[in-house]
Amino acid sequence: MSSLAPASASPTAGTKTEGRPIISVRRVSKRFGSLAAVDDVSLDIREKEFFALLGPSGCGKTTLLRMLAGFETPSEGDILIDGQDVTDQPPNRRPVNMVFQSYAVFPHMSVFDNVGYGLKVTGTPKAEIGPRVETALETVQLERFADRKPDQLSGGQRQRVALARALVKQPRVLLLDEPLSALDAKLREDMQLELVRLQQTVGITFVIVTHDQDEALSMADRIAVMEQGKVRQIASPMALYEYPNSRFVADFIGKMNLFEGHLTGLDNEALTVEVGGFGRFSVAATGQPAGLARGPVGVAVRPEKLRLSRAVEAAPTLSKAGTVRQVAYYGDVSTVFVQLEDGPIINATIQNENRRGDHPIKVGERVWCCWDPPDTLLLQD
């Protein structure tokens, strides 16, 4: 039975090569009239990496993916895949395959024929098609459904058919355009785990486009956050969440409480900041974005880093009193919204640790919102 590893896979298949890029995008722009859908983007995607393009609708992520696939041609710049310049090459001459948002499976064909269609039209010997299709179906755990038609499958199973059809061509890179957007929440979560398993099984590079931050955080090795055609930051999920480099990234990745402050002093060891209601305090320079300068600064803290207390905590903890306005229950956690005295409404995340339903924080209660200075992030755009 044939392998799903790419035909030109290196002998180190299965181990992630950190240094070697399989995709290099060099100063690529794409204009539609006066609109720059992608604006001077450069990035490298590593071999055997699960890479995500993340951003709001209209940020350029799908246009960039379509340029990688060959469905769009850059207005400027170059695209290299596996060391070859493919900027002007058509899709069928690139070592990539794409899974579309709509799956695009053929309703009149069986699962087996859907998966084997691409091999058939490209002239793959008939004796080779059967074993490769069988291997692809086993990889996505659909071997028992080979004779079914797509309308006899669930949404998740149809998505697996689309994945098998792409993988059976043995591409070096698999491109996925919002592949989970049509699934319900529970199935989407299950398929996130399935995609990670598939990527690790076949040992090729996956590039996924999504607007769902949880989707990107849970699956990707690295994420490129895009806004208005530009890449704002590329980092691992943890680095993006804990060390965003701008207000946009901080606000887009997860939830964030943001206060307006003033950066009054900075050196190699510590940064001094003043925030209304909190006074002056210092935070370590390590872990803060590069290029900070004296002047206005956003002072940010994640909701789960906040503690709600009925008494003020001693310094160096930062504390400010407020009144609970709302408690939103989400099962495992609750979000508590607090109107600070002479300040904004902030939100804190509290773990629900028992089944009794008695919530420790009540609407209308006066509480202290506290956090530790090392959990403070300073942001200047």
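Me: How do the axes of helix α4 and helix α5 cross, and within what distance do they come?

Reply: This is a predicted model, in which local features need pLDDT of at least 70, side-chain atom pairs count only at pLDDT 80 or more, and totals for chains, interfaces and linings use all residues. Residues are numbered from 1 along each chain as its sequence is written, and side-chain values use heavy atoms, with hydrogens and water left out. The axes of α4 (residues 155–167) and α5 (residues 185–202) come within 11 Å and cross at roughly 20°, which makes α4 roughly parallel to α5 (an angle under 35 degrees). Helices here are DSSP runs of H or I with at least four residues, and strands are runs of E with at least two.

Me: And which residues of α4 and α5 make the contact?

Reply: With contact taken as heavy atoms within 4.5 Å, α4 gives Gly-155, Gly-156, Gln-159, Arg-160, Leu-163 and Leu-167, while α5 gives Leu-187, Met-191, Glu-194, Leu-195, Leu-198 and Val-202.

Me: Switching topic, what is the volume of the largest pocket?

Reply: The largest pocket has a volume of about 660 Å³, where a pocket is an open set of points on a 1 Å grid over the protein atoms alone, with protein on both sides within 12 Å along at least five of seven lines, and lining residues have an atom within 4 Å of a point. Its lining has 25 residues, and Val-96, Asn-97, Met-98, Gly-118 and Lys-169 lie nearest the centre.

Me: Which element gives the largest share of that lining?

Reply: That is β6, with 4 residues.

Note on methods:
Axes fitted to C-alpha atoms, helices over the stretch in contact; angles between N-to-C directions. Parallel < 35°, antiparallel > 145°, perpendicular 65-115°, else oblique. 1 Å grid on protein atoms, 1.4 Å probe; cavity = no way out; pocket = protein on both sides within 12 Å on 5 of 7 lines; lining within 4 Å. Points joined across faces, edges and corners; volume = space filled by probe spheres on them.
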